[in-house]
Amino acid sequence: MSEKPQLIDKKGLRVDGRKLDELRPIELTVGSVDNADGSAYIEQGKNKIVAAVYGPRETHPRHLAQPDKAVLRCRYHMAPFSVEERKSPAPSRREMELSKVIREALEPSIFLEQYPRTSIDLFIEVLQADGGTRCASVTAASLALADAGIPMRDLTVACASGKVDGKIALDLNDTEDKEGEADVPVSLMPNLDVITLLQMDGMLTPKEFEEALSLAIDGCNRIYALQKEALKTKYIAIEEELE
Amino acid sequence: MPTLYENKQLVTPGDLLAEGDYIASDNTYKEGDRIYASRLGLVNYERRKVYVVALSAFYVPVVGDLVIGKVVELNTGGWTVDINAPYLAMLRASDVLSRFKPQRDDLSRFFDIGDFIMATVVACDRTRDPLLTVREKGLGKVNRGQVVKITPTKIPRVIGRKGSMIGMLKNETGCNITVGQNGLILAEGRTPSDERLAIMAIRKIEMESHTSGLTNRVTEMIRKQKEGEARIE
Amino acid sequence: MSSIVISKIRQKQIADLIASGKRLDERGPTDYREIKVETGFIGKAEGSALVHIGRTKVLCGVKIELGEPFSDRPNDGVLTVNSEFVALASPEFEPGRPGEESIELARVVDRGIRESKVIDLEKLCIIPGKTVFVIFVDIYVLNHDGNLIDTAALASLAALLNTKIFNYKLKEDGEVEIVPGFNQLPVQNHPIAITFAKIDGKLIVDPWLDEEKVMDTRLTVTFDKDGKICAMQKGGQGVLTKDQILEAISVGKQKADEIRKLVV
């Protein structure tokens with residue numbers, strides 16, 4: 001039998017000292033990629049992820065354009081040095097699935113019908129990964145879209161919960177993701193109260209799942225406040241400087 | 001019937017701005033009887049109208065707009081022009097030549113790739129790319145001066161109320177300033193350093209557009225720069 | 001992603017019917033189409049099953065080889081699930097490398113099998129760190145008429161239940177030799193995937209092709225034999241409310257129990 005590390009200690013604290021419902025430290029910066037139409041950078045625990053948006057712009061190749069709405073294209077990609085064991089730069093099946101899932105998480109928020117025949121290209125690069133990268137990516141990507149001035153129904157925010165050593169916990173890091181019993185990434189448009197990304201990996205009873213879902217939604221709402229602040233920061237700083 | 005923010009407060013996409021019998025205007029959308037912001041910006045309530053002055057948005061062509069664009073392609077029928085919009089614009093050869101013969105007429109003699117032109121948008125709808133014209137007086141190739149690109153939403157600020165800001169810029173820098181609705185601005189001055197000064201001022205307006213007392217601060221900045229340059233000379 | 005456009009009249013028909021609780025083929029919102037399972041279809045594979053749900057046809061073949069374990073799991077055998085949207089199965093499929101939908105399907109089916117521990121991978125280990133059994137589950141879509149995920153998941157489970165693993169002998173030089181004789185692959189769980197489509201705010205189970213073209217969101221929930229959830233995947237450009245998700249779980253659990261009886 002392989003040895004399983006203890007993920008929650010006697011005091012109910014996790015491997016990184018957090019409580020069950022505690023988020024990792026998060027820092028969001030908007031506008032870090034000058035050349036892009038919009039961009040954002042997120043650090044969540046040891047995750048370091050950049051999201052950049054180009055568009056809406058003419059679709060290339062032309063035949064991929066839709067006549068009645070803009071097309072959101074998303075590329076989620078991990079840098080070779082982002083994980084413990086070097087990852088080949090070629091897109092893996094996981095990256096392809098996540099590109100799709102992240103794209104579908106963001107599409108509902110964008111007024112795609114307003115820009116027919118164009119494409120909005122979203123690039124997500126994971127510079128360092130430590131569990132929960134798809135959620136951190138969605139959070140940063142939504143800010144990048146807002147930074148690009150793309151009209152949206154709401155910001156989209158994401159957070160994962162899961163089961164670790166039998167307990168439902170929030171925002172799993174890489175160790176907890178690998179050694180834990182379940183992982184539930186969720187993304188939300190908070191003002192409209194609808195879920196745009198939902199996956200589950202592991203084993204949960206329906207009751208445990210419901211608890212995990214509620215906790216993830218709670219995490220999302222907390223991160224939403226940070227997103228709004230990050231968007232406003234650039235402008236508030238200028239105002240304060242002038243006072 | 002509540003409005004949920006103060007006038008000129010900073011709002012983000014998804015913020016609920018008003019509920020009830022209001023009209024959703026620029027950069028907002030209505031769902032049921034609730035009006036939400038769709039872009040980051042400053043919310044404004046004008047009687048029943050709710051709108052957001054966006055801090056960041058790209059240019060969407062509107063018929064009648066004066067735009068400054070860059071020629072990016074020569075085609076059989078005319079020129080493809082980048083007007084800083086999600087769509088590339090077209091300028092037809094027939095707009096410039098009454099009878100266009102592809103074998104005889106070399107389009108690049110008129111406008112070549114890389115040239116800036118001043119044009120007006122004559123047609124634009126959901127199914128076609130925008131169409132331009134250079135027929136009116138003052139339009140055509142940009143031969144001198146410097147072009148600067150700013151966020152299109154800040155253009156009104158560069159012009160100012162009743163042209164107060166742009167008037168001040170022209171006076172203080174001695175430059176002729178043409179403002180394209182698509183965010184591109186042309187500054188033509190007596191010297192390159194006059195033009196640079198105008199551009200510096202425009203960039204400052206873009207950065208601080210959401211603050212008050214801007215006209216005075218920009219005037220001051222320009223004067224300080226001129227003093228500084230005079231001392232060096 | 002589809003290039004075959006559904007007519008507006010049809011779209012409206014489907015949506016109107018669903019609003020009144022019915023579907024074009026007279027099914028109720030929680031009814032599956034007719035399900036047929038045929039095992040042992042491909043004699044040359046170690047295990048196989050052909051599953052029809054309505055006119056959707058998916059064949060799954062299981063092949064077993066000897067190979068090396070993953071470096072971070074030296075005591076476990078290897079299970080890999082692949083899916084091919086065979087070009088002949090639909091006017092929309094093109095030959096070539098798997099697209100995002102095919103990859104997503106394979107990964108969702110894989111999760112259902114892996115997380116519910118259908119196979120105890122440790123039992124597939126022969127020489128730790130050196131030689132293990134490698135199980136290839138290959139999903140082959142033969143006709144696409146909607147709900148590929150559930151059909152593929154069911155075909156994979158039926159194929160694994162049908163799989164025979166060959167006997168081996170450990171020689172003195174440490175090499176592994178295959179000897180005559182087979183054993184049934186020990187299968188210890190029976191995950192069933194249930195997919196919902198959301199159309200005009202209503203959830204229906206087992207969408208057929210035209211319903212898929214009209215739906216705005218898709219939700220797949222996979223249940224193991226004890227009613228635990230072992231995989232979940234939302235797909236599509238739409239949204240879900242928390243209540244809709246909980247409704248899907250409640251209905252899905254029942255349906256999974258019903259469908260499981262067809263293979264176990």
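Reply: Let's begin with D171(A), which counts as buried because 27 C-beta neighbours lie inside 10 Å, and a residue needs 20 or more to be called that. Please keep in mind that this is a predicted model. On the chain, D171(A) sits in the loop between β7 (167-170) and α3 (174-179) of chain A. Its backbone deserves a look too: phi of D171(A) is near 55°, a positive value in a residue that is not a glycine. For background, most residues other than glycine have a negative phi, and most peptide bonds are trans.

K117(C) is not a glycine either, yet its phi is positive, at about 50°. K117(C) belongs to the loop between α2 and β5 (125-127) of chain C.

The bond from G55(A) to P56(A) is cis, with omega near 0°, and P56(A) is part of strand β3 (residues 47-58) of chain A. Another cis bond runs from H60(A) to P61(A), again with omega near 0°. P61(A) is found in the loop between β3 and β4 (71-78) of chain A.

Now let's step out to the neighbouring chains. There are 2 pairs of chains in contact, and of these, chains A and C share the most contacts. Their contact involves 27 residues of chain C and 26 residues of chain A. On the side of chain C that touches chain A, the elements giving two or more residues are α2 (100-115), β12 (229-235) and α5 (242-260) of chain C. The largest share, 7 residues, comes from β12(C). Sorted by class, that side of chain C has 10 nonpolar, 8 polar and 9 charged residues.

You can follow β12(C) across to its partner in chain A. Strand β9 (residues 194-204) of chain A runs antiparallel to β12(C), and 4 bridges join the two. To find this pairing on your screen, look for M200(A), which stands opposite M232(C) in β12(C).

The largest nonpolar core has 202 residues, and V186(A), I139(C) and A155(C) touch the most other members. Helix α4 (residues 206-242) of chain A gives the most to this core, 11 residues. Leaving out residues up to four places away in sequence, A155(C) touches A49(C), L50(C), V51(C), V58(C), L59(C), C60(C) and I139(C).

Chain B meets chain A as well: 24 residues of chain B are in contact with 26 residues of chain A. The side of chain B that touches chain A divides into 14 nonpolar, 7 polar and 3 charged residues. Chain B and chain C, however, have no contact between them, and their closest C-alpha atoms lie 16 Å apart.

Let's finish inside chain B, which has 4 helices and 16 strands. After α2(B) comes G174(B), with a positive phi near 70°.

Strand β16 (residues 184-188) of chain B is mostly covered, with 4 of its 5 residues buried. β15(B) pairs with β16(B) in the antiparallel sense over 4 bridges, and N176(B) has E188(B) as its bridge partner in β16(B). The hairpin of these two strands has 4 residues between them, and there G183(B) takes a positive phi near 95°. Strand β14 (residues 146-149) of chain B also pairs with β16(B), antiparallel and over 4 bridges. In that pairing, Q146(B) stands opposite A187(B).

Technical notes
Residues are numbered from 1 along each chain as its sequence is written. Chains are lettered from A and ligands numbered from 1 in the order in which they are written. This is a predicted model: local features need pLDDT of at least 70, side-chain atom pairs count only at pLDDT 80 or more; totals for chains, interfaces and linings use all residues. A nonpolar core is a set of buried Ala, Val, Leu, Ile, Met, Phe, Trp, Tyr and Cys residues joined through C-beta atoms within 7 Å. A residue is buried if 20 or more other C-beta atoms lie within 10 Å of its own, exposed if 12 or fewer, and partly exposed in between; C-beta atoms are placed from the backbone. Two residues are in contact if their C-beta atoms, placed from the backbone, lie within 7 Å. Ala, Val, Leu, Ile, Met, Phe, Trp, Tyr, Cys and Pro count as nonpolar, Asp, Glu, Lys and Arg as charged, and the others, Gly among them, as polar. Two strands pair if DSSP finds at least two bridges between them.
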